[in-house]
Amino acid sequence: AQWQALRRREMSGMLGKVARGVGGAVGGIARSVVFGDGENDGDVDDGGAELLLERIADGVLAADRRAAAIELRDVVQRVPAAQFAVGAMGLPTLVGSLRDERDDPELMHGVLEALTACVTAGG
């Protein structure tokens, strides 16, 4: 019971860091959406993060889900809007993968690396 409480506290702290990390990207994205960027107003490029999250959630092959998690990590490191997309819509997918795919250590590693990239991106 004590171990579970500790794990819940650690997970809560990690999710809080993701949320704070996403906060930096939110300002730039929000400014772009509200005021426009002069070109493609309202159209935000998330670097493919949404598609990668779909592959993680709905991929039939385990190898495809693993590859998508690693690609997501790389995209989040390069594209600030991808960090925002993961924070806005991807956390349930990634946390669900951690919960449901416990028997796949490679996928777990990829998902944790993607979450870590969200926390540390831009910093």
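Before looking at any angle, I noted that axes are lines fitted to C-alpha atoms, for helices over the stretch in contact, and that angles run from 0 to 180 degrees between N-to-C directions. I took helices as DSSP runs (H or I, at least four residues), numbered from the N terminus. The model is a predicted one, in which local features need pLDDT of at least 70 and side-chain atom pairs count only at pLDDT 80 or more, while totals for chains, interfaces and linings use all residues. Residues are numbered from 1 along each chain as its sequence is written, and side-chain values use heavy atoms, with hydrogens and water left out.

**H3 with H5.** I looked up this pair and found the axes 8 Å apart, at an angle of about 15°. H3 is therefore roughly parallel to H5, a term for angles under 35 degrees, with those over 145 called roughly antiparallel, 65 to 115 roughly perpendicular and the rest oblique. For contact (heavy atoms within 4.5 Å), I listed Arg65, Arg66, Ala69, Ile70, Leu72, Arg73, Val76 and Gln77 of H3, which meet Glu106, Leu107, Gly110, Val111, Glu113, Ala114, Ala117 and Cys118 of H5. These residues divide into nine nonpolar, two polar and five charged, where Ala, Val, Leu, Ile, Met, Phe, Trp, Tyr, Cys and Pro count as nonpolar, Asp, Glu, Lys and Arg as charged, and the others, Gly among them, as polar.

**Arg65.** Not counting residues up to four places away in sequence, Arg65 touches Arg55, Ile56, Gly59, Val60, Glu101 and Leu107.

**H4 with H5.** I then turned to helix H4 (residues 80-100) and helix H5 (residues 105-120), whose axes come within 11 Å and cross at roughly 150°, so that H4 and H5 are roughly antiparallel to each other. Gln83, Val86, Leu91, Leu94, Ser97 and Leu98 of H4 make the contact with Met108, Val111, Leu112, Leu115 and Cys118 of H5.

**Ser97.** I checked Ser97 of H4 and found it buried, with a relative accessible area of 6%. Leaving aside neighbours within four places in sequence, Ser97 is in contact with Ile56, Arg102, Met108 and Val111.

Definitions and conventions: Helices (H or I, at least four residues) and strands (E, at least two) are DSSP runs, numbered from the N terminus. Buried means under 20% relative accessible area, exposed over 50%, partly exposed in between (1.4 Å probe, protein chains only).
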